[in-house]
Number of protein chains: 2
Amino acid sequence: MLIVNAVEKMRSLADQYRNTGKTIALVPTMGFLHEGHLSLIRRARSEADVLVTSIFVNPIQFGPNEDLDKYPKDLQRDIILAQDAGTDVLFVPVAKEVYPENFQTFVNVKELTRGLCGKTRPNHFEGVTTVVAKLFHIVKPHVAVFGQKDAQQALVIKRMIDDLCFDVRMFISPIVREDDGLALSSRNKYLTPEQRRRAGILYKSLCLAREMIKNGEKDVSVIKKCMKKEITAQQGKVDYIEIVLPDTLQPVGELTGNILIALAVYIGETRLIDNMLLHLSG
Amino acid sequence: MLIVNAVEKMRSLADQYRNTGKTIALVPTMGFLHEGHLSLIRRARSEADVLVTSIFVNPIQFGPNEDLDKYPKDLQRDIILAQDAGTDVLFVPVAKEVYPENFQTFVNVKELTRGLCGKTRPNHFEGVTTVVAKLFHIVKPHVAVFGQKDAQQALVIKRMIDDLCFDVRMFISPIVREDDGLALSSRNKYLTPEQRRRAGILYKSLCLAREMIKNGEKDVSVIKKCMKKEITAQQGKVDYIEIVLPDTLQPVGELTGNILIALAVYIGETRLIDNMLLHLSG
């Protein structure tokens, strides 16, 4: 596995691969890799000749009071994990080169970023789409793989790809969960053992919603209320619980067809997100 | 010369060229080609194997009360001119395909777009950078050529290229002028013969400024006042006259080093722009 730090080096490597007819897959990550990331890397491995995993804790997608400074890091461990999962090139740029002085160009997906996480984290998605656009231009992938865990992010990036005519095929990989259902996230590291036990409630509340719908509940507000009650009983603080259309993120009127149940919950100081896609026949 | 309308066709052509080792140059235009455009096309011709000229009157760079609907068009003439100047592929997409329903992703260069034309035309540069980003992704050029006539636009696009790590080399071609100094522009077409005679005043006022500086004038406000007086005497209505640093577009304090004198003037209803770069030894 090659480890590349310089933007120019990565770009000329990408040219080299393309000029010799090789296809490139990219898995962009913020590092501190877990089984969720590794499932993306393995998926990407089967989609192209050369697999690039990037590790970059992107400062511009963090708000002023968020966890940029304490975001977990373990590059030595990441190197081993990325390589074992099949990475050919680990691209680890430094922030100073990604955002030089006078940097002032941003990519914005306007409507899909308004609700859900966009409400609590106003410049988050602008940071995400800007860095992903840059990574696409540097790594020049034919294929990129993102996780369904960040459902809104995946939709926003797909929209950016289509709207700006990026020639990149995008794959979305399913959520990987712990035994109790907790979705894997680098931020789970912040949880104390006691908080970790309570954090299972995000997934349990999603399962509760699914169960209620299966049993005939038609009222979105009743479902959201029950989810909130369960979460609060575990001392979780709800940021949002929404039931939306999976392609527009607009609140559903009726519980029919494809729906996305998405939530963000604080367990202690740690903000966790999760979601569930349902296909309802009703 | 090939004429291509479909985005997908243009993209696969671009892939074909790149896969056979050919380099691509792009000259983006809004059509109604004149000698200014043709000088860009000829410049691009010498920079790559395949030369793509695009013609697209980009609706999102026009304000609500601007001249989108009456913007001059003559595709038959453009086809002949583009071909004669050396174009290999004329890319003429349709607005419905460039901006499908639900289009919502925009590229923004934040600081450089605030002054000069950005003040009078608040969403203009967002429209420009967004469409140029799209054209870069569709045509996949190694090289792109823009005109110095739109000095701020050229600087904004250069900033976008650098900030978003586009792998595109950019060339800026000099302004082409009529005998009386009027910079070529498709919008000159709007002028009545009488307005056309008066329109020479934009360039004349730039020459006046150059002359005043050469003769030792040190006060920017005095120079701007004299320019304005000359323009007003020709019934021109000044939108702005600015003397700025050519790389930041910030107003100059002292008349020394490189400076850009830029102006926008209404002759009748028609808004014309022009500029002059000076290198001062003082």
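Guide: Lys140(A) sits in the loop that runs between helix 6 (124–139) and strand 6 (143–147) of chain A. The model is predicted. Lys140(A) is not a glycine, yet its phi is positive, near 50 degrees. Lys140(A) counts as buried, because it has 20 C-beta neighbours inside 10 Å and a residue is buried if 20 or more other C-beta atoms lie within 10 Å of its own.

Chain B can be laid on chain A by a turn of 180 degrees and a shift of 0.0 Å along the axis, with an RMSD of 0.0 Å. The two copies are thus related as by a two-fold rotation axis. In chain B, the C-alpha nearest that axis belongs to Val107(B), at 2.3 Å from it. 

Helix 6 of chain B covers residues 124–139 and lies across strand 2, strand 3 and strand 4 (89–91) of chain B. Its direction makes an angle of about 145 degrees with strand 2 of chain B. The 16 residues of helix 6 of chain B should span 22 Å at 1.5 Å a residue, and its end C-alpha atoms are 22 Å apart, so the two values agree. Helix 6 of chain B is mostly covered, with 15 of its 16 residues buried.

Val139(B) belongs to the largest nonpolar core, which has 161 residues, and is among those that touch the most other members. Others in that group include Ile24(B), Val52(B) and Val139(A). Leaving aside residues up to four places away in sequence, Val139(B) touches Met10(B), Ala14(B), Ile24(B), Leu26(B), Val52(B), Ser54(B) and Phe91(B).

Next comes the sheet. In chain B, 6 strands form an open sheet with parallel pairing, in the order 1-4-3-2-6-7. Strand 1 (2–4) and strand 7 (169–173) of chain B are the edge strands, each pairing on one side only. From one strand to the next, the twist averages 25 degrees. Strand 2 (residues 24–29) and strand 6 (residues 143–147) of chain B run parallel and are joined by 2 bridges. Across this pair, Ala25(B) stands opposite Val143(B) of strand 6. Another helix also lies over the sheet: helix 2 (residues 35–45) of chain B lies across strand 2, strand 3 (50–55), strand 6 and strand 7 of chain B. Helix 2 runs at about 155 degrees to strand 6 of chain B.

Helix 6 also has a part in the contact between the chains. That contact takes 23 residues from chain B and 23 residues from chain A. On the side of chain B that touches chain A, the elements giving two or more residues are helix 1 (7–19), strand 5 (105–109), helix 6 and helix 7 (151–163) of chain B. Strand 5 of chain B gives the most to that side, with 5 residues.

Gln235(B), in the loop between helix 10 (220–233) and strand 8 (236–244) of chain B, has a positive phi of about 60 degrees although it is not a glycine. Gln235(B) counts as partly exposed, because it has 13 C-beta neighbours inside 10 Å.

Terms used:
Residues are numbered from 1 along each chain as its sequence is written. Chains are lettered from A and ligands numbered from 1 in the order in which they are written. This is a predicted model: local features need pLDDT of at least 70, side-chain atom pairs count only at pLDDT 80 or more; totals for chains, interfaces and linings use all residues. Copies are superposed by least squares on the C-alpha atoms of residues with pLDDT of at least 70 in both. Two strands pair if DSSP finds at least two bridges between them. Helices (H or I, at least four residues) and strands (E, at least two) are DSSP runs, numbered from the N terminus. Axes are lines fitted to C-alpha atoms, for helices over the stretch in contact, and angles run from 0 to 180 degrees between N-to-C directions. Two residues are in contact if their C-beta atoms, placed from the backbone, lie within 7 Å. The expected span of a helix is 1.5 Å times one less than its number of residues. A residue is buried if 20 or more other C-beta atoms lie within 10 Å of its own, exposed if 12 or fewer, and partly exposed in between; C-beta atoms are placed from the backbone. A nonpolar core is a set of buried Ala, Val, Leu, Ile, Met, Phe, Trp, Tyr and Cys residues joined through C-beta atoms within 7 Å.
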